[in-house]
Amino acid sequence: MTTSPTITRPPTVTITADNLERIKRYPRPPQDNGIGLHFHVDLSPELIQRTITNLKSIRATWTLIYAQDEQLTERAAGPCFRAGIMPVVRIGKLIDEQVDSAAYVHSLRRALNGSGFPHDPAHPPLYVQVFNEPEDFREWRNGVRPSNWADIFGSNWAREAVRVYDAGGYPGIQTLDRDGFDVAVDAIARMGRQDIWQRAFFAHHNYGENHPPDYPYDARNQADKPGCTIMEDYICALKFLAHAAWMKERLGFVLPLIGGVAFAYFLQRWIFLLFVIIA
């Protein structure tokens with residue numbers, strides 16, 4: 001009788017010494033403890049201060065800010081920097097909407113200047129996520145995702161990522177599936193701007209959909225689908241392993257992952273991961 005193999009641990013990518021040094025060069029907050037929380041979506045002055053108080057109460061050193069324009073970016077990021085909390089800004093624009101991503105970088109820089117936030121002046125911590133979940137119809141005008149959505153996303157993301165990079169920022173890419181990531185990588189290659197990967201990061205969304213933490217390697221799933229790995233089924237907490245594999249295959253190295261969905265942050269020595277808990 002032939003039995004199917006049981007996978008006992010998730011596959012991993014090899015992080016070289018050079019890749020590790022690359023990750024270490026990314027700026028982090030002072031006394032980084034890896035705790036992060038999504039910022040309040042209402043960026044009124046009262047709620048900004050209240051949210052910062054809440055962040056400090058859990059000793060957060062990171063936060064993800066959804067900002068619909070550069071003025072709101074500066075309004076929310078400034079108090080975060082002054083509180084010693086590193087803001088990561090997600091541009092609050094639709095994928096097929098006009099946007100000047102460089103303006104968000106400039107706003108973050110203004111918020112950083114004079115804040116007293118410890119950092120290397122040669123590498124200011126200006127993290128900007130460009131667009132979000134291109135697979136989701138809600139991220140497109142009129143709630144309609146075009147049939148050629150991947151091509152549009154890849155082209156638009158590449159254009160804005162270059163703007164973020166040239167303005168001195170760290171551009172973030174966010175996709176749920178492989179198609180969006182691949183077309184963005186191809187678009188950057190066509191532009192001849194592979195240099196942006198020196199400061200890019202992957203915005204990680206690891207939706208669990210009620211799967212157990214070790215899915216797809218848990219006993220129940222392996223009984224149902226023997227030998228199933230993260231590469232075949234990555235709707236789970238361990239999705240970062242699939243993302244790392246995508247990056248290693250297409251870029252030759254793994255970018256830092258900064259995640260903006262409901263999971264706690266943890267730090268491994270070989271890769272930098274921030275899972276932000278939605279408030």
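What follows is a working chat about helix packing, cysteines, prolines and backbone angles in a predicted model.

Colleague: Let's start with helices. At what angle do α5 and α6 pack?

Modeller: About 50 degrees. The axes are 8 Å apart. Helix α5 covers residues 149–166, and helix α6 covers 178–191.

Colleague: Which word describes how they lie to each other?

Modeller: Oblique. The roughly parallel class needs an angle under 35 degrees, and α5 and α6 pack at about 50 degrees.

Colleague: Left-handed or right-handed crossing?

Modeller: The crossing of α5 and α6 is right-handed.

Colleague: Which residues in α5 meet α6?

Modeller: From α5, W149, A150, D151, F153, G154, S155, W157, A158, R159 and V162. Their partners in α6 are D179, G180, V183, A184, A187, I188 and M191.

Colleague: How does that contact of α5 with α6 split by class?

Modeller: Eleven residues are nonpolar, three are polar and three are charged.

Colleague: Now α3 and α4. What are the angle and the axis distance there?

Modeller: They cross at roughly 30 degrees, and the axes come within 8 Å. Helix α3 is residues 70–82 and helix α4 is 101–112. That angle makes α3 roughly parallel to α4.

Colleague: And the hand of the crossing of α3 and α4?

Modeller: Right-handed.

Colleague: Which residues meet between α3 and α4?

Modeller: In α3 they are E70, T73, E74, A77, G78 and F81. In α4 they are A103, Y104, S107, L108, R110, A111 and L112. By class, that contact has seven nonpolar, three polar and three charged residues.

Colleague: Is C236 buried or exposed?

Modeller: C236 is buried, because its relative accessibility is 0%. C80 also has 0% relative accessibility and counts as buried.

Colleague: Prolines next. Where is P45?

Modeller: P45 is in helix α2, which runs over residues 45–57. Its relative accessible area is 54%, so P45 is exposed.

Colleague: How far apart are the C-alpha atoms of P45 and P79?

Modeller: They are separated by 9.8 Å. Along the chain, P45 and P79 are 34 residues apart.

Colleague: Where is a cis peptide bond?

Modeller: Between Y215 and P216. Omega there is about 10 degrees. P216 lies in the loop between β6 (201–204) and α7 (219–224).

Colleague: Is Q31 buried or exposed?

Modeller: Q31 counts as exposed, because its relative accessibility is 77%.

Colleague: Buried or exposed for E133?

Modeller: E133 is buried, with a relative accessible area of 5%. The cut-off for buried is under 20%.

Methods:
Residues numbered from 1 in each chain as written. Predicted model: local features only at pLDDT ≥ 70, side-chain atom pairs only at ≥ 80, totals over all residues. Heavy atoms only, no water. Axes fitted to C-alpha atoms, helices over the stretch in contact; angles between N-to-C directions. Helix = DSSP H or I, 4+ residues; strand = E, 2+ residues; numbered from the N terminus. Parallel < 35°, antiparallel > 145°, perpendicular 65-115°, else oblique. Left-handed = near helix turned anticlockwise from the far one by under 90°. Contact = heavy atoms within 4.5 Å. Nonpolar A, V, L, I, M, F, W, Y, C, P; charged D, E, K, R; others polar. Buried < 20%, exposed > 50% of the residue type's maximum accessible area, 1.4 Å probe, protein only.
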